[in-house]
Amino acid sequence: DGIQVENCRIYNATILGEGTNMENVQNPDMYVGGIVGSSYKHSGGDPTNITNCSVENSLIEGIGNENLEVYVAGVIGGVTWTGVLNVSRCYVYDTIIGAKAYENQTTHDHARAYAAGVVGSTISATVNVNNNAVIDCSITADCNNSNRSYAASIMGSIYNSANLMGTTTYN
């Protein structure tokens with residue numbers, strides 16, 4: 001049956017993730033989401049389903065120091081590998097969503113910041129986003145290397161495949 005997340009409501013919350021890569025681990029990621037941080041599935045299997053959830057009047061923020069890729073979103077920060085994620089009938093309302101990443105100016109590492117209303121990132125996964133809404137939200141991404149900041153109303157980063165159907169953004 002996979003993972004089922006249904007009928008959740010986050011209201012008036014502060015959700016903050018912050019990290020520093022002190023050991024110079026290659027390609028470290030940080031995921032922050034209003035409902036789910038991230039979903040990892042290393043083999044096909046059953047999908048992760050997030051249905052009928054809402055995030056309202058909240059602050060969702062990720063701050064990465066030194067060589068971190070930061071993914072932040074109103075519903076789920078990210079999904080990776082070969083899994084399937086279905087997000088349907090969720091809404092994010094009157095919420096501030098922010099991703100910040102800071103490069104080390106000496107080593108010029110690969111810090112990146114991604115922010116989105118629904119899904120922060122998908123890497124080698126199939127994502128279906130159906131009938132969701134992002135309403136009156138502030139969505140920002142900031143990196144001290146401005147070429148590495150990405151902000152979007154629905155999905156921050158897509159690597160593989162995504163289906164966006166009936167999803168609306170109002171501001």
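**Core and loops**

Tutor: Happy to start with one residue, keeping in mind that this is a predicted model. Leaving out residues up to four places away in sequence, V32 touches I15, G17, G37, I60, E61, G62, Y71, V72, A73 and G77.

Student: Where does V32 lie, and is V32 buried or exposed?
Tutor: V32 lies in strand β4. V32 counts as buried because its relative accessibility is 5%, and the cut-off for buried is under 20%.

Student: And how are V32 and V70 separated?
Tutor: Their C-alpha atoms are separated by 8.0 Å, with the two residues 38 apart along the chain.

Student: OK, the core. How many residues does the largest nonpolar core have?
Tutor: That core has 35 residues, and I35, I50, V75, L85, V87, V118 and V119 have the most contacts inside it. Among the elements giving two or more residues to this core are β4, β9, β10 and β11.

Student: What is L85 in contact with, leaving aside neighbours within four places in sequence?
Tutor: L85 is in contact with T48, I50, I76, V79, V119, T126, V127 and N128.

Student: New topic: backbone angles. Which residue other than glycine has a positive phi?
Tutor: N12 is one of them, with phi near 60°. N12 is found in the loop between β2 and β3, and counts as exposed because its relative accessibility is 52%. D94 also has a positive phi, about 50°, although it is not a glycine.

Student: Where is D94 found?
Tutor: In the loop between β12 and β13. D94 counts as partly exposed, at 37% relative accessibility.

Key
Residues are numbered from 1 along each chain as its sequence is written. This is a predicted model: local features need pLDDT of at least 70, side-chain atom pairs count only at pLDDT 80 or more; totals for chains, interfaces and linings use all residues. Side-chain values use heavy atoms; hydrogens and water are left out. A nonpolar core is a set of buried Ala, Val, Leu, Ile, Met, Phe, Trp, Tyr and Cys residues joined through side-chain atoms within 4.5 Å. Buried means under 20% relative accessible area, exposed over 50%, partly exposed in between (1.4 Å probe, protein chains only). Helices (H or I, at least four residues) and strands (E, at least two) are DSSP runs, numbered from the N terminus. Contact means heavy atoms within 4.5 Å.
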